[in-house]
Amino acid sequence: MILLAVLSVCLVSLGYAMMGGLDRFLDSGGFDEERRERAAVALVFVNEQRRAQVEHALAQRSEWLRYISEPSPPGEPGCAMVLAASENDLDNILLCARMRKAHPVYAVALCNNPQYLFVYRDYGIEHVARSMDEALEQFERCLKERFECND
């Protein structure tokens with residue numbers, strides 16, 4: 001009787017683990033290669049004034065980017081990176097923290113006010129830039145390294 005109970009618990013645990021893996025596989029596009037290729041690998045959060053600068057700097061990588069205008073992350077399972085470069089430090093921190101909580105991402109955030117630098121660090125955002133040019137440089141370097149976007 002005890003052996004049957006232990007065996008049942010093991011089978012249920014194994015089934016749960018297998019279904020979790022299957023769910024992650026299907027969320028990332030499954031066997032549909034077109035869907036996996038279409039998924040944005042990077043979210044870019046900037047205001048309209050800075051968007052043109054980002055589009056110009058990352059023009060060769062535009063098919064990998066998805067622009068958002070609010071600091072709430074969309075349910076984008078294929079997203080591996082985020083660039084938070086708005087003029088509002090709180091929005092930048094909020095987006096990076098939410099994205100990191102949802103799933104591991106490489107986050108580059110622009111710190112507009114140096115007094116808030118410790119807040120970025122407290123939220124676990126390792127890549128904090130002090131200028132827009134520095135943020136774009138870090139972000140593009142990571143795109144090249146992680147996704148082999150070599151020209």
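Visitor: How many bridges join β1 to β3, and do the two run parallel or antiparallel?
Guide: In general, strands of a sheet pair through backbone hydrogen bonds, either parallel or antiparallel. Here, 4 bridges join β1 to β3, and the two run parallel. Two strands pair if DSSP finds at least two bridges between them. Along this pairing, A42 stands opposite M81 in β3. One caution: this is a predicted model, where local features need pLDDT of at least 70 and side-chain atom pairs count only at pLDDT 80 or more, while totals for chains, interfaces and linings use all residues. Residues are numbered from 1 along each chain as its sequence is written, and side-chain values use heavy atoms, with hydrogens and water left out.

Visitor: What do β1, helix α3 and β2 make together?
Guide: A crossover is right-handed if, with the strands pointing away from you, the path from the first strand over the helix to the second runs clockwise. With α3 at residues 48-57, β1, α3 and β2 make a right-handed β-α-β unit.

Visitor: What is the order of the strands in the open sheet?
Guide: The 5 strands come in the order β2-β1-β3-β4-β5, with parallel pairing. At the edges are β2 and β5 (127-129), each pairing on one side only.

Visitor: What sits over the ring of Y67?
Guide: A charge sits over a ring if NZ of Lys or CZ of Arg is within 6 Å of the ring centre and within 35 degrees of the ring normal. In this model the charged end of R51 sits over the Y67 ring, 4.0 Å from its centre.

Visitor: Where does N88 lie, and why does N88 count as partly exposed?
Guide: Buried means under 20% relative accessible area, exposed over 50%, and partly exposed in between (1.4 Å probe, protein chains only). N88 lies in the loop between β3 (81-84) and α4 (89-102), and counts as partly exposed because its relative accessibility is 34%. A polar atom of the N88 side chain lies 2.9 Å from the backbone nitrogen of L90. N88 is also 8.6 Å from C111, C-alpha to C-alpha, although 23 residues separate them in sequence.

Methods
A polar contact is a pair of N or O atoms within 3.5 Å; within protein, one must be able to donate a hydrogen and the other to accept it, and residues adjacent in sequence count only if both atoms are side-chain atoms.
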